Structures are given as C-alpha cells and as structure tokens.
Amino acid sequence: MDADVFVIGSGPSGVQAAIHAARKRASVVVAGKPSSSSMSGTEIENYFGSPPRPGDEILAEGIALAKSFGAAFLGQNVVSASAEDGRFRFSMEDGTEVVAKAAVIATGISRKSLGIPGEKDLFGKGVSYCAVCDCNFYRGRKAVVVGNDSEAAVSAELMTRYASETHWVAWDAEAEETLARKAAEAGAVMHASKPKAIEGDGKVERIVLEDGTIIPTDGVFIELGARSSADIAMDLGVMPEMDDSVKVGSDCSTEVPGVFACGDVTGRPWQVAKAVGQGCVAGMSAADYARKAE
Ligand SMILES: Cc1cc2nc3c(=O)[nH]c(=O)nc-3n(C[C@H](O)[C@H](O)[C@H](O)COP(=O)(O)OP(=O)(O)OC[C@H]3O[C@@H](n4cnc5c(N)ncnc54)[C@H](O)[C@@H]3O)c2cc1C
C-alpha cells in the first residue's frame, strides 16, 4: 500500500495530523488503535470549545472527520519501520506493508511497566523496556521477554538471534499468530503464567512466575503493548532524547528529512490541546514534504 503521508498513532495528535494532511489533498494512512490512546477512558476537562467530555467521544468524532477527508485507518500497530531510498516502509501486525513519502510519529507515551517487585530496582541492571535497543548486550546470555502482544513476539524472535536462551512469558497471549509462530520456531520457550517478581543481587538473576516457575536469566525485556515511540523513531533514523521523547522544530520536523512528530511523544506538556496543535503543524508539514518528494 502506498501513501503520501503515513501517520503512526490514532490519538488526538495523529488524528489531527491526518485531518490537516488530507485537507492538503495528500493520501493519508493512519496506524494505531484509538483504544490505546492516553485519551481513551478519560474525561477531558480543559479542551477548547468543549465542556468536560469523555476522551473516547472526542476521538471518535475526530476519526470520523479525518475519514470524511479521505484518510484511511488501519486500526493496527506498526511492528517495524525502515527508511530506504527516500521512502519510509512500515510493517503492520498482519503483515500489511505501507510505503510512504513522509511519516508522522504520533505514538504518545506508551511505555508500560509490570509493577512487580524488582522491576524498578533492577531497571538498567538487566531490566529493559526496549529489546531493539539493548539486544546486542545479550549476545550469548539468557533473556526473558515479557508481554502478550505482537511487539513481544517480535522481540522474542529478535532475542533468539542474540541470546543463548530466550524465554517468552505471555499469560494472555494476543500476538498476531504468524509473529507468535515465528518466535516459537526460532526457539523462544513459551511460558503461560504472569510474572510475579524479578530477582537478583544488584543485577537480574531470575524471574519468578505466578505458577511457581523460576527462570534463571541475565535480562528481562518488558514489552507490553505497541512498539515504543523510541523504537520506531530509531528505525527511521531519528535518535530519541534521554527520556525517549523526539525533538522537533517549529514545523514539527525531526532530524530526518520527511519524518515529523507531534503530541506527547515530543515531550511535556502531555495535553490534548498541545497534541492537536502540533498534529495540525505536523500534518501540513508532512503533506508539503510529500508533494515536493513526488
Ligand atoms: C487519565 C488521564 C487523564 C487525562 N486528562 C487530560 C485532560 O483532562 N486534558 C488534557 O488535555 N489531557 C489529558 N490527558 C492527556 C492526553 O490524553 C494526552 O496528552 C493525549 O492523548 C496525547 O495525544 P497523543 O496523540 O500524543 O498520544 P496518545 O493519545 O497516547 O495516542 C498515541 C497513539 O499512538 C498509537 N501507537 C503507539 N505505538 C504505536 C505503534 N507501534 N504503531 C501504531 N500506533 C501506535 C496508540 O495506539 C495511540 O493510538 C489525560 C491523560 C490521562 C492518562
């Protein structure tokens, strides 16, 4: 599938970017799940022109508007991205490929934690939230990937290429079947029980599951939900800041020509008004860039 502008994220910033890019007559494809937006399930209390209202309602209306201008919504997460020959290529959970002239990163802040004992204390000492970033440190060592979704499956398959032993802990597996099969065929050992604790003396030594299983390991990769903003940015050649935010200029451009970013992913304040404001700028900038890249 080809697009002028590919928007990664179906929250307010991504939807607004889609609206403004489509209004400039760019062909627009949007990835992401609206139900994963930070806005979903909230009451938005301070948004211009709107009394306090459920975030899901505002989002649904925005998506309907973007669709009416021609934007297509895939309703799926991006599992990998790359930049080649002045074009950006994305793979979705079901294997669909999208090639775009310009990309807008509107992924919000999606890093989720397990909230179990040991996770916080051993962060950076074997606990990681980014297999793509840290896989190289685990050559010939043991690794455990934790997560139920497609991203965890992709990370488990990736870790089998580095680690001497890879385990994948998924207690409520929802990963796309092909990706899950790939991870298993690559040698990832599956465990269907929830993690209870991560243990070790100054560094990760083991993870304990609720069913009593103890897996000795050097690293625990927590991959809950979608591929993180930082991972996607790096896939496209954009180096995230230390806090994983993506730095943008006044036109929402990043350091990579053709890649724009907007919303929570660009840093604080994490607010709908800022997200849609930047979405407007990013959408227009991306459409202009795509037109020149004809
Ligand atoms: C409890 C709560 C209450 C809040 N109340 C308010 C309020 O009253 N007022 C206010 O202004 N703000 C409020 N906020 C903040 C507001 O919701 C966010 O600032 C806003 O949603 C940010 O929009 P965004 O588009 O940048 O990111 P998000 O809304 O988080 O959307 C990110 C999108 O990216 C998608 N995505 C992520 N990874 C991938 C991937 N790999 N592939 C494809 N898609 C991906 C997600 O599925 C999602 O669709 C609240 C937030 C919370 C959590």
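Me: Where does Pro 269 lie?

Reply: Pro 269 sits in the loop between strand E17 (259-261) and H7. Helices (H or I, at least four residues) and strands (E, at least two) are DSSP runs, numbered from the N terminus. This is a predicted model, in which local features need pLDDT of at least 70, side-chain atom pairs count only at pLDDT 80 or more, and totals for chains, interfaces and linings use all residues. Residues are numbered from 1 along each chain as its sequence is written.

Me: What kind of peptide bond joins Arg 268 and Pro 269?

Reply: Look at omega: here it is about 0°, and the bond between Arg 268 and Pro 269 is cis.

Me: How do I read the crossing of H1 and H7?

Reply: Axes are lines fitted to C-alpha atoms, for helices over the stretch in contact, and angles run from 0 to 180 degrees between N-to-C directions. For H1 and H7, the axes come within 7 Å and cross at roughly 35°. Sorted by class, the residues of this contact comprise 14 nonpolar, seven polar and no charged. Ala, Val, Leu, Ile, Met, Phe, Trp, Tyr, Cys and Pro count as nonpolar, Asp, Glu, Lys and Arg as charged, and the others, Gly among them, as polar.

Me: Which helices each supply at least two residues of the shell around the ligand?

Reply: Helix H1 (12-23) and helix H7 (272-292) do. A residue is near a molecule if its C-beta atom, placed from the backbone, lies within 6 Å of it. In this model 37 residues surround the ligand, and the closest are Gly 9, Gly 11, Gly 32, Gly 108 and Gly 263. The shell has 16 nonpolar, 17 polar and four charged residues.

Me: Is Arg 25 buried or exposed?

Reply: Count neighbours: a residue is buried if 20 or more other C-beta atoms, placed from the backbone, lie within 10 Å of its own, exposed if 12 or fewer, and partly exposed in between. Arg 25 counts as exposed because it has 12 C-beta neighbours inside 10 Å. This residue is found in the loop between H1 and strand E2 (28-31), and its phi is near 70°, a positive value in a residue other than glycine.

Me: And why does Gly 277 count as partly exposed?

Reply: Gly 277 has 18 C-beta neighbours inside 10 Å, so it counts as partly exposed. Its place is in helix H7. Gly 277 and Gln 16 are 261 residues apart in sequence, yet 8.0 Å apart in space, C-alpha to C-alpha.
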